[in-house]
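Subject: Structure handover

Hello,

Here is the structure we talked about. Please open it and keep it beside you while you read my notes below.

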Amino acid sequence: MADLLDIPGTEEHIGGLATGVVAKAKQAMEAKKMGNAVEVHTPAQIAASEQSRAVMTPMEMLDRAVSSGASVETLTQLMNLQERWEANQARKAFDAAMAAAKANMPAIVKNRKVDFTTGKGRTNYQYEDLASIMNQIGPVLSANGLSVRYRTSADPNLPISVTCIISHQMGHSEENTLMAGRDDSGNKNSIQQIGSTVTYLQRYTLKAALGLAAAVDDDGSKADQTNDDAKLITEAQASVIRDLIEKGEVDTAVFCERWKVDAVTDIPLKQFNEVVGSLRQRVAYLATQRSQGSAA
C-alpha cells in the first residue's frame, strides 16, 4: 500500500490536477453567484435605465436603423412613420393654437353701412370690411403661430370660388371654401364685379374658418342717428299695426323679421307710414282673392 501511495514522480502530477480542478470549481461557483446576484442601482442609474427604455420617436428609430444597416424597405417604412408622426404633432399644435387664439379673439364689429334705393327698392344694411377684421384678429393669430391666405378661382361662365386657408407654423393647415356669382349690382364693370365677389367671399370664408360672428356697431349707429331717427312709434300706432297684421293674416314673428325688429313697438317712427302702407296692400290683396273666389 505504501508503495502504491508513494509512487515516485506522482505527487507533482496529482497536485497539478487538483489545483486545476479547484480553480475550475471556483470559477463555476463565482459564475453561479454572479448569475444569482441582485444588482442594486442608485436613483440616477434607475432614471437613466428608465429613460433608455422610453418610447423612441420614429426619427430615433430611423437613426438606429441606418446605423445598424437596415434594409431599404425598413428605412422606407420608418420614413413614412416619421411623416405621419410629424403630421399628427402639427395637427395637435394647430388645435392648441386655434383654441388659444379664440380665447383671446376680440369682438368683430360691423363698421360699414350700405343704404341706397333703386328700382328694386331700398337696400339698407351694415357689415364689417375685411381690412377691419384683419386689423383686429391679425395680432392674435400671429401671436399663436397662425396665418391666413386665400386661393381664388374665377373661370369664365363659372361661379367665383374663394378658399380661406388657416396655417400653423408647424405645417398643419385647414381650408374653408365658398362660391358665388359675379356681383352685378350697381354700375360695376366686369373687373369690379369679380373684385366685389372675391372680397365678399374672403370675408365670409375667414369668419367661417375661425368661427367669428360680427355684432352691429350700436355706438356708431347711435352716433349717426338724429333725434327723429331715434324715435319709435307710439302705443297707439303700434295698435294700428297689430290690427293690420291680424287682418292681413301675417305671422307677427315673420313681420318682425321682415322689418328687422324684436317687437312691433320697436318700429322706427320714420318707417310707420311705410309699414302701414305695406300691410294695407296685403289686406287689399286678400280681400281681392276672397271676392274672386266667391264669384267663381
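**An exposed turn**

Asn 157 counts as exposed, because its relative accessibility is 79%. The cut-offs are these: buried means under 20% relative accessible area, exposed means over 50%, and partly exposed is in between (1.4 Å probe, protein chains only).

A word on the source before going on. This is a predicted model, in which local features need pLDDT of at least 70, side-chain atom pairs count only at pLDDT 80 or more, and totals for chains, interfaces and linings use all residues. Residues are numbered from 1 along each chain as its sequence is written, and side-chain values use heavy atoms, with hydrogens and water left out.

Back to Asn 157. Where does Asn 157 lie? It is in the loop between β4 and β5. Its phi is positive, about 65°, although Asn 157 is not a glycine. Helices (H or I, at least four residues) and strands (E, at least two) are DSSP runs, numbered from the N terminus.

β4 and β5 form a hairpin, with six residues between them. Strand β4 covers residues 146–153 and strand β5 covers residues 160–168. They run antiparallel and are joined by eight bridges. Two strands pair if DSSP finds at least two bridges between them. Ser 153 stands opposite Ser 161 in β5.

**The chain as a whole**

The chain has 12 helices and seven strands. Of its 296 residues, 23% count as buried. Now take the contacts with a separation of 6 or more: residues 24 or more positions apart account for 54% of them. Contact means heavy atoms within 4.5 Å.

**Helix α5**

Helix α5 runs over residues 72–103. How does its span compare with what 1.5 Å a residue should give? The 32 residues should span 46 Å, and the end C-alpha atoms are 47 Å apart, so the two agree. The expected span is 1.5 Å times one less than the number of residues.

Several α5 residues are buried, among them Leu 78, Phe 94 and Met 98. An α-helix has 3.6 residues a turn, so residues three or four places apart point the same way.

Arg 91 and Asp 95 both lie in α5, four residues apart, about one turn of the helix. They form a salt bridge, with the closest N and O atoms 3.4 Å apart. A salt bridge is a side-chain nitrogen of Lys or Arg within 4 Å of a carboxyl oxygen of Asp or Glu. Arg 91 is partly exposed, because its relative accessibility is 35%. Asp 95 is also partly exposed, at 36%.

**Salt bridges across the chain**

How many salt bridges does the structure hold? It holds eight.

One of them joins the side chains of Glu 128 and Arg 203 (3.9 Å, N to O). This pair links distant parts of the chain, 75 residues apart. Glu 128 is in the loop between β3 (121–127) and α6 (130–143), and Arg 203 is in helix α7 (residues 190–210). Both Glu 128 and Arg 203 are buried. Glu 128, Arg 203 and Lys 207 are linked in a network of salt bridges.

Another joins the side chains of Glu 249 and Arg 290 (2.6 Å, N to O). This pair also links distant parts of the chain, 41 residues apart: Glu 249 is in the loop between α10 (235–247) and α11, and Arg 290 is in helix α12. Glu 249 counts as exposed, at 52% relative accessibility. Arg 290 counts as partly exposed, at 47%.

Trp 259 lies in the loop between α11 (252–258) and α12 (272–295). Is Trp 259 buried or exposed? It is buried, because its relative accessible area is 9%. Leaving out residues up to four places away in sequence, Trp 259 touches Ile 267, Gln 271, Glu 274, Val 275 and Ser 278. The C-alpha atoms of Trp 259 and Gln 271 are separated by 9.4 Å, and the two residues are 12 apart along the chain.

The charged end of Arg 258 sits over the ring of Trp 259, 4.0 Å from its centre. A charge sits over a ring if NZ of Lys or CZ of Arg is within 6 Å of the ring centre and within 35 degrees of the ring normal. Lys 207 lies over the face of Tyr 204, at 4.7 Å from the ring centre.

Lys 260 lies in the loop between α11 and α12. It counts as exposed, at 69% relative accessibility. Its phi is positive, about 55°, although Lys 260 is not a glycine.

Best wishes
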